[in-house]
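Here's a quick briefing for anyone meeting this structure for the first time. Have a look at the display, then read on.

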Amino acid sequence: MDVKRDILWRVYLCFIGIILLCAVIIGKAFYIQQVQGAYWEGMSDSLHQKIQEIAADRGTIYSDDKQMLSTSIPQFDIYIDFDADGLREKNGKRFKKNIDSLSIGLANLFKDKTADAYKQELLSGYKREVRYYPLKKNVGYRQYQALLKLPLVREGRNKSGFIPEVKNIRLNPYQMLAFRTIGLNRENSQNVGIEATYDSVLKGTPGKRLVRFIAGGVAVPVDESADIEPQNGKDIISTIDTHIQEITENALMKMMISNQAQHGTAIVIETKTGQIKAIANLGRQKDGSYWEDLNYAIMPTEPGSIFKLATMLSLLEDKKVTLDEPVNLEGGHWTINGRTVNDAEDDENANTVLQAFEASSNVGMAKLVYYAYKDHPEQFINHIKKLGLGNLTGVDIMGERHPFISTPGSKVWSATTLPWMAFGYNNLISPLGIAMLYNAIANNGAMLKPYLVSDIMNGANVVKHIDPVVTRTVADSSVVKLLQQCLYGVCNDPHGTGYTLLKDLPFKLCGKTGTALVANGSHGYADKIYQSAFAGYFPADNPQYTCVVEIVNSPHSRIYYGAAVAGPVFKEIAQRLYTLYVRRNNQAQYASLDSLKPTKMPYSFIGSADELKTFANGFGIQYNGNIPANNEWATLTSDSNATDKLVATNIPEGKSMPNLSGFGLKDALYVCENLGLKVNIKGVGRVVQQSLTSGAPIARGQLINLQLN
């Protein structure tokens, strides 16, 4: 019995000991976690090292006229290490001395909280010894520069505990202008356009550094001398001209709104080079507004009557017809294999092949193709493929969809496929593909590859220059001249579908109207959705630009013919480009350079003093006046007596608005942003009007509207 009691006593003693040991362990664990947790986390972080990437600055995308289309700007996330040695030394004397003035400065700078609220926030973080307290995110560069001047912060990172984390965000200064084509580099989102296509060129090569992490995840460099510096991305010069793009987009937008169209695209190509000068893509949003949502220019559709140019090329190349050959249009209705081909209008005076093309007769084209190729339809198909219409255009932008050409023997081929192909159905071709074909005819048969980037730059050095590329010759010169005659007749002969629209123009152009009934998903063609199109080039005698406009209208739209919807867009673009570029470049219509010398034409320029000196010296202008070395701005003027003067101009700093008349956009933006103003710009050129008058009081964040000439 004594042995049993002795064993039980020992067991109980061990059990009590285990319980006490467990209690001690649990207590110690609680103490370490709750009381010493921050200390040990900091210790863990301080022992953790890794190689960290240093982001490279992404390159800028410029327009052909050297405007920024997409660029990176810095933003800052501001954190505070409340346990920084300099902040807590001498019992926090530095922190306590500056907290009131710092709180007032933060409240005035960010204007999101009162000074008292900021003070309580800072005191709370200091009391809890937070190592990585997030004070403010997405701080702009100007605000960050002002932050660095505030009390305590200006004493530096080690003494203030303020930790800035810089990040670059991508900005498109022109917003919607060619937005889908340029693209926008965004985190956690699929990139498109030039940004995506040339990503490897723009993003550069990241650098590397060895860092040690302190509490809160703050990375501290271990040995900055061993850092591998990043190689910044290269800049890209695109072929887009912002002025032509604006003209194109505005013309398209007006028609889209007035006709409540679903989506549309307009493309302008420089005829001699294949450079895309403008590419507008507008889609209707749920709220009824329009935005560059998809790149419709590279999305294949049934082209309709603008495809008849390819039809005529095949017929003429194979010598199946001549332009003066008679053709019976059957009163505008022709039944073949159980289906009826209809013309939009019956032109009783259209009796020849040329007149049938000018009048855009579906019956004429269908009959000619059917009787010429019914026994060997692959001969017609091979012509289309020879033109490259069955291939991608090769434009330097991601996302281009492959075209579709119906072929004999395929599942979609039927007894009526061939005649319907003649006037633009049963094929899917992108507007850019059509633009290539029309540009080839304008370029005397040479088909050029369209492209969007002309140069890749590393600083001021050209790393790569992209030259025009001829992909093929579409037909011999005799056939091309006949096709040019056909396109000229559409716009300038009374038979032509574009004659009424274009007859009042002071110059001649060539083109083709087109109207196609398009399918609407599972609804098929029942919704009566029409695609309106106009494709052509101008001026007719010496083509400078090729333009294609395609607009998909809303169901059951009252106005849908190509000449009525796409035609006015084409006309407006052609008129403005002719006035601004083509006619201006014709030296026969303008005075010689000598006649524009200041001796005969008064002028006035205002801007950067250094740049005006460079300008004057470059043009050999001898001017009176001296500019002090420290003077930033100047005015260069000449009166009717040809007296040239370069005089200093002072731009007042402070809270009053300066006079910006005559400033270029770059200099005007510089002045306004230095004053803390938000700028809204309309037009191009130099400032002619400003919404805030000269001398008016201004405040940071105020909006100013600038009208350029």
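Trp291 counts as partly exposed, at 33% relative accessibility, where buried means under 20% relative accessible area, exposed over 50% and partly exposed in between (1.4 Å probe, protein chains only). Keep in mind that this is a predicted model: local features need pLDDT of at least 70, side-chain atom pairs count only at pLDDT 80 or more, and totals for chains, interfaces and linings use all residues. Residues are numbered from 1 along each chain as its sequence is written, and side-chain values use heavy atoms, with hydrogens and water left out.

**Aromatic rings**
- The whole structure holds 19 aromatic pairs, meaning rings of Phe, Tyr and Trp (its six-membered ring) with centres within 6.5 Å; planes under 30 degrees apart are stacked, over 60 edge-to-face and the rest tilted.
- Phe179 and Trp291 make a tilted pair, 5.2 Å centre to centre with 50° between the planes.
- That pair links distant parts of the chain, with Phe179 in helix H7 and Trp291 in strand E11, 112 residues apart; helices (H or I, at least four residues) and strands (E, at least two) are DSSP runs, numbered from the N terminus.
- Phe179 is buried, at 16%.

**A buried serine**
- Ser430 sits in the loop between strand E15 (427-428) and helix H16 (431-442).
- Its relative accessible area is 5%, so Ser430 is buried.
- Beyond neighbours within four places in sequence, Ser430 is in contact with residues including Pro300 and Thr393 (contact means heavy atoms within 4.5 Å).
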